[in-house]
Amino acid sequence: MNVYDSARMADVLAPLGYGLTDDPSDADMVILNTCHIREKASEKVFSELGRLRRMREDREARGAGRMILGVAGCVAQAEGDHILDRAPFVDLVLGPQAYHRLPEMVARLSRAGDAQIDTEFPAEPKFDHLPAPGARGPAAFLAIQEGCDRFCTFCVVPYTRGAEYSRPVTDILDEARALVARGTLEITLLGQNVNAYHGAGPDGATWSLGRLIRALADIDGLARLRYTTSHPRDVDDDLIAAHAEVPTLMPFLHLPLQSGADRVLKAMNRGHTLADFRRVVARLRDARPDLALSSDFIVGFPGETDREFQDTLDAVDDIGFIQAYSFKYSARPGTPAAALPAQVPEPVKAERLARLQDLLNAQQVAFNRRCEGLDMDVLLDRIGKHPGQLVGRSPFMQPVHVMAPAPLQGTIQRVRIDQGQPNSLAGRLLPAEDDHPPAERATA
Ligand code: SAH
Ligand code: SF4
């Protein structure tokens, strides 16, 4: 979501004459788009700000002009003007719902000179004030939903991103068409709880995510669709049916489980049991037999026992994930779990995380190896490290390295997978004829 928001900030600033640069040391403006989800991400902001301040001083000493420094995103939302207490040299502080007002903030800054703060949740959603997206490349993000009403006891998102909001269907279809017109082949629909999507349709009805996916799949030139992050509780029949019926919906789904122990799931307020999760997965796999899963896990939630951690390992072992993110529980200010008495000691969390990650890595490597010998459609979206090499994404989001001529960047090609490596695949281009055998499918 932050990648999407950053690109939207660039869209908003483009009419003021700002463009993107890879080199912050010579930028007229640097905005740190921040994450508050865990303490580590939050703390990084202040060390980065120190580094940028030195860059700004060097730039000004060279006579290259002033650098505007901004902090956007959820740390800005959560900490507001405390950011200015710790880093008084910052010019702009703006929350995730305020970035459409960046031009005003920049104008006020240049008039008044003093720092500008905007962490309001505006009555009108920012999406109503954003311009059409610029070119994003072959694979792009599109936010369809924002905020969260679920209040998991460990999570800051409901406080920093606010209440759930679903964008109207027509806005989303327009943005998707604009992306496809500028060369995008794959769109990932985004939301903090994306499958809670319930947007106003052009027919006056409330549309579900499944219905929206079907409408998007009708856009000519849009080859692939994905969505993230979904909550197991909000996977409805219509969405499951979309996995069976919409071929452009890719056979890869990120479905966070967090823990394999029912007591912990309850204490987290996830609203489902392990058995519920398994049922959802079974139904999705019935609908789309080649569906592969990734997930999120938290180890060391307050009160988690060795036995409960073992339940998580057993669930992973049993369900099988081809990729995952796992984290040590991080107590976040203002969340209910942070006040629970039985916080798990750091060394215990570290040991559990290492064991869980060993298992998850083994599953990832095994899946990548099972892909050897398969033919896959690969979206070649970037230049590789070696001359003559392009890198793309498999249907299962694995990076795929291929020797391919540069003009094939931004196209989908048939690739024979020769090698499954720990974090990626390597393969070779197959001839462009369409007489090759039908897609073989890998199963997780
Ligand atoms: N909406 C998604 C998750 C969004 S946050 C869902 O409900 O699953 C992304 C991930 O960060 C979460 O899935 C969780 O695994 C992790 N996370 C969130 N808060 C955390 C915390 N306080 N400590 C450790 N990990 C956390
Ligand atoms: Fe956070 Fe996801 Fe729970 Fe919402 S559903 S509170 S975003 S973990």
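## The parallel sheet

In this predicted model, three strands make up an open sheet in the order 5-8-11, with parallel pairing; strands here are DSSP runs of E with at least two residues, and helices are runs of H or I with at least four residues, both numbered from the N terminus, while two strands pair if DSSP finds at least two bridges between them. Strand 5 (139-143) and strand 11 (224-228) are at the edges with a single partner strand each, so one side of each has no neighbour in the sheet. From one strand to the next the twist averages 25 degrees, where axes are lines fitted to C-alpha atoms, for helices over the stretch in contact, and angles between N-to-C directions run from 0 to 180 degrees.

Strand 8 (residues 186-190) runs parallel to strand 11 and is joined to it by five bridges, and I187 lies opposite L225 in strand 11. Helix 8 (residues 209-217) packs on this sheet and touches both strand 8 and strand 11, its direction making about 155 degrees with that of strand 11; contact means heavy atoms within 4.5 Å.

## An aromatic pair

The model has five aromatic pairs, defined by ring centres of Phe, Tyr and Trp (its six-membered ring) within 6.5 Å, with planes under 30 degrees apart called stacked, over 60 edge-to-face and the rest tilted. The ring centres of F127 and Y165 are 6.1 Å apart and their planes are at 15 degrees, so this pair is stacked. F127 sits in the loop between strand 4 (116-118) and strand 5, whereas Y165 belongs to strand 7 (residues 165-166), 38 residues apart.

## Strands 17 to 19

Strand 17 (residues 399-403) and strand 19 (residues 425-429) run parallel, joined by four bridges, and M403 is opposite R428 in strand 19. Strand 18 (residues 411-420) pairs with strand 19 in the antiparallel sense over five bridges, and the two form a hairpin with four residues between them.

## Conventions

Residues are numbered from 1 along each chain as its sequence is written, with chains lettered from A and ligands numbered from 1 in the order in which they are written. Local features need pLDDT of at least 70 and side-chain atom pairs count only at pLDDT 80 or more, whereas totals for chains, interfaces and linings use all residues, and side-chain values use heavy atoms, leaving out hydrogens and water.
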